[in-house]
Every structure is written in C-alpha cells, then in structure tokens.
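Please read the points below with the model open beside them. They go through a few local features one by one.

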Amino acid sequence: MADFFRRHALLITSILLLGVSMQLMNASLAHPQFAQVGARSVDTVLVPLKKGYHEVSESTKYLWTHYVWLLDVEEQRNGLLERVKELEALNSRLKEYQSENQRLRGLLDFGERMGQAGVTAQVVGRDPSNWVRTITIDRGSDDGLRPGLAVVDGNAIVGQTTVVNSSSAKVLLLTDSTSAIDAIVQSSRAAGVIEGGLRRDTLRLRYIEKLQDTPVQAGDRVIASGLDGVYPKGTLIGVVHRVNANAGGMFQYI
C-alpha cells in the first residue's frame, strides 16, 4: 500500500487538490460571504507584498536614473570637456600659424614691390628701460644684416637696425625719441618729418604748415618719402589720428 501511494503521490495530490477546489467553489456559491472573507484574507497577505514590490521597483528605477545613468553621463561630460580643451589648443595653434603665414606673405609682397630681397626675423627681446625703445631680433650679420636697414612688419615700418651682431641685431623703433623719418601725407602730398618719443606709442608729424591747399585730416595715410635713404619710398608709416591746426606757431600739430 505504501509503495502504491509513493508511486502515485502526484496523481493522488492532484485529485485531492481538485476535490478541495470543488468544495471551495461549491461553498462560495452557497455562501458568497465566505468567498469575500477569503478574498479579504488573500488581499491582507498579498497587498503588503505588492506594495513592497512596488517600492523596491521604484527605488531600483530611481537608483538607475539618478545614479547609475548619471555616472555614464558624467563620464561622457568629462570626455567632452577634454575634447573641448584639445580643440581650443589646436585652434590657438592654427590661429598662430595663420597669423604667421599672413605676416610672411606680407613680407614677400613687400619685397616684390620694392624689388628687394628681405630677411624674416622674430623678436626675441625688448629693452627693459624707459630711456630707449628697441627690440632684439634673431638675425644678424651672418644673415646679411648691417646697421641702417629698414625693418618692416607686413607693409608698415617698425624701425631700423642699429647694432648688428653675428646672430642678432637691435632695432631702433619709430617710437623712440631719437627716431626721425622723412614722410609724406599720401592724400595731400604734404611733406614733413615723423618723430617718436610721445606717449602711448604714437608718432608726431612735424613741419606741416597750417596754410595747406589740402588740409591734413584724421584717417590720412602717412608714407615714407624715401629721401632718407633708409626706408623705401611709399612704405606705410602710420595713419593720422588727431590734427590741431590751431596750435601755436606756423606748423600744425599732427
């Protein structure tokens, strides 16, 4: 008998459960209040479980969206910041190359217009004192330089070489108080002399008489006359910033 029950345990259990279910169904039909009590009992057990499951699910979702996902976002943000830094550094180098290329093109064009071969140089030093305004360039006698050569930046005059060594040279800037250039106002052809030594790195155009057929005005271009034998004729010196025709004496203050 025991062997029979062991061999057919599953079948017997299924029959018993089916019988119990049928009895419960009959009882529910005969006594509806019994079914309600059972449902309430089941709800009493299952509702806390459902609530706990919902809270765990929401907590897991919140953890994912506010922590795990944000970790990935922060990693992407850090990567983008590094990329931006790299692009900014590259952009800075490209701008410097572009500026250098434009300067070199300007020097080449200047040499072609003047029919002279030029030597490109870089500024490697400045005079620290306020008594003299000079710069030092990285070209010297080994590169064919000598004292008294014009130094230009693109199309405009910077100054002239003074002391020349084998691999470097000093350049006296136009803004120095000892600098003077024969100049012409391009529009009116009025001739004068450009002198340095003023504040804020400005120049003064002297010996322009007040009685001029064509008055000098702000915005007029001033060029080298070529009479001094240093600066090629027509090279740009600067642009007129302010004119005072009422200054004392017979000359304008420009």
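1. Helices (H or I, at least four residues) and strands (E, at least two) are DSSP runs, numbered from the N terminus. The model is predicted, so local features need pLDDT of at least 70 and side-chain atom pairs count only at pLDDT 80 or more, while totals for chains, interfaces and linings use all residues. Residues are numbered from 1 along each chain as its sequence is written, and side-chain values use heavy atoms, with hydrogens and water left out.

2. Q252 is in the segment after β10 (236-239). With a relative accessible area of 5%, Q252 is buried (buried means under 20% relative accessible area, exposed over 50%, partly exposed in between; 1.4 Å probe, protein chains only). A polar atom of the Q252 side chain lies 2.9 Å from the backbone oxygen of E209. Beyond its neighbours within four places in sequence, Q252 is in contact (heavy atoms within 4.5 Å) with residues including L205, I208, E209, V216 and N244.

3. Strand β2 (residues 134-137) is covered on both faces: T134 and T136 on one side, and I135 and I137 on the other, are all buried. In a regular strand the side chains alternate between the two faces of the sheet. Strand β1 (residues 123-126) pairs with β2 in the antiparallel sense over three bridges (two strands pair if DSSP finds at least two bridges between them), and R126 stands opposite I135. Strand β5 (residues 169-173) and β2 also pair in the antiparallel sense, over four bridges, with T136 opposite K170.

4. How many salt bridges does the structure hold? There are three, a salt bridge being a side-chain nitrogen of Lys or Arg within 4 Å of a carboxyl oxygen of Asp or Glu. E86 pairs with R83, the closest N and O atoms being 3.5 Å apart; both lie in helix α3, three residues apart, about one turn of the helix. R139 and D138 form another, at 3.6 Å from N to O.

5. The side chains of E195 and R206 also meet in a salt bridge, at 3.2 Å from N to O. E195 lies in strand β7 (residues 191-195) and R206 in strand β8 (residues 204-206), so the pair ties together parts eleven residues apart in sequence. E195 is partly exposed at 21% relative accessible area, and R206 is partly exposed at 27%.

6. G154 sits in the loop between β3 (150-153) and β4 (156-164). G154 is buried, with a relative accessible area of 12%. Its C-alpha atom is 8.1 Å from that of Q102, 52 residues apart along the chain.

Definitions and conventions: A polar contact is a pair of N or O atoms within 3.5 Å; within protein, one must be able to donate a hydrogen and the other to accept it, and residues adjacent in sequence count only if both atoms are side-chain atoms.
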